Amino acid sequence: MPLIQVGKVSALPTDSVMEVLVGHQPYAICNVGGTIHAIDGVCLHRGGPLGQGQIHDGRVVCPYHLWEFDCRTGAYDYDPTKGVATFAVKIEGDNILLQVP
């Protein structure tokens, strides 16, 4: 699986999230306490853009209906058996590299 540069660490403040597109697929790149994580960018509930949400206690909060997903595991906060996919990231200098399928 290839690594694709999707952003800069310096452009993603601690406890924030950004949306990136690889082809037509959105991803949410989360900075939780200084550690970068990546999850699927589409909320399970109504397809909201997780990368346009906010970080709260290590979870990204969907801007549409406030569903929350753990940035490390992708688990949905009210039912951990549900969740979004996670993706590997690698940091090289200031570059965020995302491993995409």
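Start by selecting Glu68, which is buried at a relative accessible area of 13%; buried means under 20%, exposed over 50%, and partly exposed in between, with a 1.4 Å probe and protein chains only. Keep in mind that this is a predicted model, where local features need pLDDT of at least 70 and side-chain atom pairs count only at pLDDT 80 or more, while totals for chains, interfaces and linings use all residues. Residues are numbered from 1 along each chain as its sequence is written, and side-chain values use heavy atoms, with hydrogens and water left out.

The term stands for a side-chain nitrogen of Lys or Arg within 4 Å of a carboxyl oxygen of Asp or Glu. Arg59 is partly exposed, at 22% relative accessibility.

Next, show the strands around this pair. Strands here are DSSP runs of E with at least two residues, numbered from the N terminus, and two of them pair if DSSP finds at least two bridges between them. Strand β6 (residues 59-61) runs antiparallel to β7, joined by three bridges. Select Val60 and you will find its bridge partner in β7, Phe69. Zoom out to see an open, antiparallel sheet of three strands in the order β5-β6-β7. β5 (54-56) and β7 (68-70) each have a single partner strand, so one side of each lacks a neighbour in the sheet.

Select Asp70 next. Asp70 is buried at 14% relative accessibility, and its side chain forms a salt bridge with that of Arg72 (2.8 Å, N to O).

How many salt bridges does the structure hold? There are three, and another of them links Glu92 and Lys90 at 3.3 Å, N to O. Glu92 is partly exposed at 40%, as is Lys90 at 39%.

Stay with Lys90 and select its bridge partner in β10, Leu97. β9 (residues 89-92) and β10 pair antiparallel over four bridges. In their hairpin, with two residues between the strands, look for Gly93 and its positive phi near 65°. Color β10 (residues 95-99) by accessibility: four of its five residues are buried. On to β1 (residues 3-8), which pairs with β10 in the antiparallel sense over five bridges; there, Leu3 has Gln99 as its partner.

For a last stop, select the four-strand open sheet, β2-β3-β4-β8, with antiparallel pairing.
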